[in-house]
Amino acid sequence: MKKWTKILTVLLALTMLTALMSGCGNQKNPLATLTLEDGDEILIYLYPNKAPNTVANFISLANSGFYDGLTFHRVVEDFVMQGGDPNGDGSGGPGYTIEGEFADNGFAKNDIPMEKGVIAMARFSSNGENTVEAYNSAGSQFFILMANKDSLQGQYAAFGKVFSGMNVLEKLNMVDTDSKDRPRQDIVIKSIRVETYGVDYGEPKKIEE
């Protein structure tokens with residue numbers, strides 16, 4: 001009995017891994033490798049079937065080298081790791097925005113749960129109000145959740161999940177920060193590259209600033 005239990009457990013694990021790696025049919029999900037300055041790596045599976053334009057945007061920026069040398073400029077313990085801002089202070093972007101692919105913006109297809117390890121696009125708010133401009137204000141900044149946050153469900157465009165390297169993020173999530181949640185010592189992103197397994201996800205649809 002114990003032998004069969006072990007076999008079933010292994011089969012279940014393989015099934016779950018296959019599901020994570022599969023996007024549509026036998027197509028593999030794009031795999032992003034986020035490499036930190038010290039060489040540590042975080043692997044992130046992206047979900048183009050849930051947020052296609054968001055994923056296309058991230059792939060385009062990452063593989064063009066946009067994120068190379070940028071930082072995690074906002075770190076809140078047990079909440080979030082945020083990066084991708086060329087200004088390094090939460091105010092910057094790539095010079096354009098994209099439409100928010102999340103339920104509150106009328107994009108019901110994206111049902112990725114806002115749980116620990118999920119990566120989503122950060123966006124700007126309009127005096128704290130949820131306006132069309134705020135909903136469609138994401139550009140290059142992204143955040144990785146460090147805890148389950150059901151309260152954010154449907155409000156941000158989640159587009160992937162960390163597959164490996166959460167232990168690295170958990171350690172960084174406890175660094176010393178200033179009053180604006182900025183690490184006192186820079187956490188530098190050496191590079192982000194996305195393996196697409198031969199699939200061309202195209203250029204994202206942009207809203208020019």
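**Close-up views of a predicted model**

**View 1. Lining of the largest cavity.** By class, six nonpolar, three polar and one charged residues form the lining of the largest cavity. Ala, Val, Leu, Ile, Met, Phe, Trp, Tyr, Cys and Pro count as nonpolar, Asp, Glu, Lys and Arg as charged, and the others, Gly among them, as polar. This is a predicted model: local features need pLDDT of at least 70, side-chain atom pairs count only at pLDDT 80 or more, and totals for chains, interfaces and linings use all residues. Residues are numbered from 1 along each chain as its sequence is written, and side-chain values use heavy atoms, with hydrogens and water left out. The lining consists of Glu101, Phe102, Ala103, Asn110, Ile112, Met114, Gln153, Gly154, Tyr156 and Ala158. The largest cavity holds about 40 Å³ of space. A cavity is a set of points, on a 1 Å grid over the protein atoms alone, where a 1.4 Å probe fits but cannot get out; a pocket is an open set with protein on both sides within 12 Å along at least five of seven lines; lining residues have an atom within 4 Å of a point. Grid points are joined across faces, edges and corners, and a volume is the space filled by probe spheres set on the points.

View 2. Two cavities of 30 Å³ or more occur in the structure.

View 3. Thr71 sits in the loop between H2 and S3. Helices (H or I, at least four residues) and strands (E, at least two) are DSSP runs, numbered from the N terminus. Thr71 counts as buried because its relative accessibility is 12%. Buried means under 20% relative accessible area, exposed over 50%, and partly exposed in between (1.4 Å probe, protein chains only). Neighbours within four places in sequence aside, Thr71 is in contact with Gln82, Gly83, Gly84, Asp186, Ile187, Val188 and Ile189. Contact means heavy atoms within 4.5 Å.

**View 4. The largest pocket.** The largest pocket contains about 440 Å³ of space. It has 28 lining residues, and those closest to its centre are His73, Arg74, Gln82, Gly90 and Gln141. At least two lining residues come from each of strand S3 (72-76), strand S4 (80-83) and strand S5 (96-97). By class, the lining has 10 nonpolar, 11 polar and seven charged residues.

**View 5. The second largest pocket.** A volume of about 220 Å³ belongs to the second largest pocket. Its lining includes Leu36, Glu37 and Asp38. Leu172, Val175 and Asp176 are also among the lining residues. Pro183, Arg184, Gln185, Asp186, Ile187 and Val188 line this pocket too. The lining divides into six nonpolar, one polar and five charged residues.

**View 6. Helix H2.** Helix H2 covers residues 52-63. Its 12 residues should span 16 Å at 1.5 Å a residue, and the end C-alpha atoms are 16 Å apart, which agrees. The expected span is 1.5 Å times one less than the number of residues. Because 10 of the 12 residues are buried, H2 is largely enclosed by the rest of the structure. Asn53, Thr54, Val55, Ala56, Asn57, Phe58, Ile59, Ser60, Leu61 and Ala62 are buried. Just after H2, Gly65 has a positive phi of about 90°.

**View 7. Two loop aspartates with positive phi.** Asp78 lies in the loop between S3 and S4. Its phi is near 60°, a positive value in a residue other than glycine. Asp78 counts as exposed, at 51% relative accessibility. Asp181 lies in the loop between helix H4 (166-172) and strand S9 (189-195). Phi of Asp181 is near 65°, again positive in a residue other than glycine. Asp181 is partly exposed, with a relative accessible area of 26%.

**View 8. The chain as a setting.** The protein chain has four helices and 10 strands. Of its 209 residues, 44% count as buried. Among contacts between residues at least 6 apart in sequence, 75% join residues at least 24 apart.
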